[in-house]
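Hi everyone, thanks for coming. I'd like to walk you through one model today, so please have a look at it first.

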Amino acid sequence: AQAFIHSKITLLMIIAITLVGVLALVMTPREYNPKIVVPAANIIVAKPGANAAEVRDLVVRPLEAIMRAQSGVDHTFGYAADDVGVVTVQFKVGQNQEDSLVKLYNQLMQNMDRLPPGAMQPIIKPINVDDVPIMTIALAASNPQAVDEQKLREVGLLMMEHLRNVPGVSLTDVVGGRSRAVNVWLDPLRMQSRGVSVEQISQMLQGSNVAAPLGDLVAQDASVPIRLNGVLHSAAEVGEVIVGVSPPAKGGMQGQAIYLRDIARIEEGARETENVARFGFGVAAVNPPFRGAEPAVTLVLAKQAGTNAVVVADAVLSKLDELKKLALPQGIEVVVTRNDGAKANEAVNTLFEHLAIAVGSVVLILIFFLGWREAGIVTLTVPLILFVVLATGLLMGQTINRITLFALILSLGLLVDAAIVVIENIHRHMHDYKGGGKDGDFSQMLVTATNEIGNPTNVATIAVILAFIPMAF
């Protein structure tokens with residue numbers, strides 16, 4: 001108090017804290033859920049021909065023991081099924097994500113000789129909290145007769161090609177609809193009459209649907225790359241695949257080629273339905289474009305680590321508005337079904353509304369009981385301390401989310417209580433002041449009033465802080 005009463009730096013510090021706090025409020029990333037780093041990964045090992053019990057004893061249990069030997073591992077658990085085993089490795093909370101995955105990969109490579117014969121190369125799939133989508137967008141067909149599920153998925157894939165280029169977007173996916181495919185409907189009677197089996201057809205299709213480099217042709221001081229481009233693109237090309245040769249005729253003539261079109265009906269269309277996706281509006285919907293559940297495709301978008309969910313979501317929505325005008329056919333409705341960015345922004349804005357209400361209530365009470373000057377000091381103190389907290393959080397890499405907002409609201413009571421106690425004690429000393437207006441005596445009275453109540457207030461605040469320390473564990 002003695003150092004700051006007459007110092008000209010005090011006003012400059014107030015201005016600096018205000019500017020830094022406003023900057024931190026704008027720059028700090030906003031998220032609905034806090035980012036909790038729990039490194040984990042799935043190790044998938046295929047062993048064709050083994051049943052679940054064999055996979056458990058030969059693959060899963062040895063692999064669990066190998067992974068559990070690493071430092072920083074919290075626990076492992078495995079899953080065994082016919083032909084495949086999955087081991088999930090979870091590290092302790094707070095471990096570095098990249099370092100943990102590198103340790104896991106090195107541990108696995110060093111113990112590859114302990115995998116049983118016949119086991120295929122393990123596949124490591126990291127599990128990342130940032131892979132959780134922050135936005136889901138539903139494309140629904142308001143007129144299923146005009147827009148089928150195949151067309152709906154094609155539109156979804158086209159829109160996703162543009163949305164995944166938005167800055168801050170990481171993993172994307174398109175769920176629902178039916179993919180384009182060439183369907184081959186085999187005729188058992190024709191196959192039997194020509195002596196062609198299903199395995200033979202499958203092998204010929206796999207061998208015909210190939211694209212690969214074949215090397216270089218060197219001639220006349222020139223090297224020309226040669227590439228086999230045998231990928232099948234249409235039903236007509238699939239029908240031209242030779243799946244066998246008919247037996248030679250009695251006259252010794254060679255047998256004729258058997259084409260796939262001779263023993264099957266081949267059509268271009270949609271892939272067989274594996275899952276069904278529907279979207280509809282509830283009873284409370286105001287002027288919905290359609291009623292009932294209709295075919296739908298969902299666009300799923302996650303954000304990159306450390307980015308602002310609000311900024312990313314707003315950028316996606318802005319791009320989506322452009323695509324609605326340029327690339328959205330008639331009969332397709334677009335609905336944002338999940339937006340964590342909007343939730344985070346709404347939560348932050350609600351917090352500051354509540355903070356303003358709380359500070360305003362305190363000011364009115366202080367004006368009524370103490371006076372407008374005392375109320376003005378508390379009104380100035382509370383936002384300044386919150387600005388310091390926000391700036392500190394930005395420097396420490398924290399985000400504004402549900403947990404940090406709850407902490408700010410919880411601490412607001414301590415902050416206001418301490419300020420009121422100190423101001424009230426100064427107010428009381430001012431009424432008892434008989435110094436005759438001398439500035440030095442008045443300043444000393446303010447210092448005395450602050451010192452008198454300062455230590456007990458600090459001790460009480462520290463005691464409350466200590467009561468919350470167990471929450472850290």
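A quick word on the ground rules. This is a predicted model, where local features need pLDDT of at least 70, side-chain atom pairs count only at pLDDT 80 or more, and totals for chains, interfaces and linings use all residues. Residues are numbered from 1 along each chain as its sequence is written, and side-chain values use heavy atoms, with hydrogens and water left out.

So, the helices. The axes of α10, residues 340–369, and α12, residues 402–432, come within 11 Å of each other and cross at roughly 15 degrees. Helices here are DSSP runs of H or I with at least four residues, strands are runs of E with at least two, and both are numbered from the N terminus. Axes are lines fitted to C-alpha atoms, for helices over the stretch in contact, and angles run from 0 to 180 degrees between N-to-C directions. The pair is therefore roughly parallel, a label for angles under 35 degrees.

Who makes the contact, meaning heavy atoms within 4.5 Å? On the α10 side the residues include Leu 351, Leu 355 and Leu 366, and on the α12 side they include Leu 412, Val 416 and Ile 420.

Leu 366 turns up again in the largest nonpolar core, which has 25 residues; Leu 366, Val 378, Val 382, Leu 390 and Ile 400 have the most contacts inside it. Such a core is a set of buried Ala, Val, Leu, Ile, Met, Phe, Trp, Tyr and Cys residues joined through side-chain atoms within 4.5 Å; buried means under 20% relative accessible area, exposed over 50%, and partly exposed in between, with a 1.4 Å probe and protein chains only. The elements giving two or more residues to this core are α1 (9–27), α10, α11 (372–395) and α12. There is also a second, separate core of 24 residues, with Leu 139 and Leu 323 among them.

Now the two single residues. Asp 83 sits in the loop between β2 (73–81) and β3 (84–91). Its phi is near 75 degrees, a positive value in a residue other than glycine, and at 35% relative accessibility Asp 83 is partly exposed.

Finally, Ile 242 belongs to strand β10, residues 242–245, and is partly exposed too, at 36%. Beyond its neighbours within four places in sequence, Ile 242 touches Met 204, Ala 257, Ile 258 and Tyr 259.

Notes
Parallel < 35°, antiparallel > 145°, perpendicular 65-115°, else oblique. Contact = heavy atoms within 4.5 Å.
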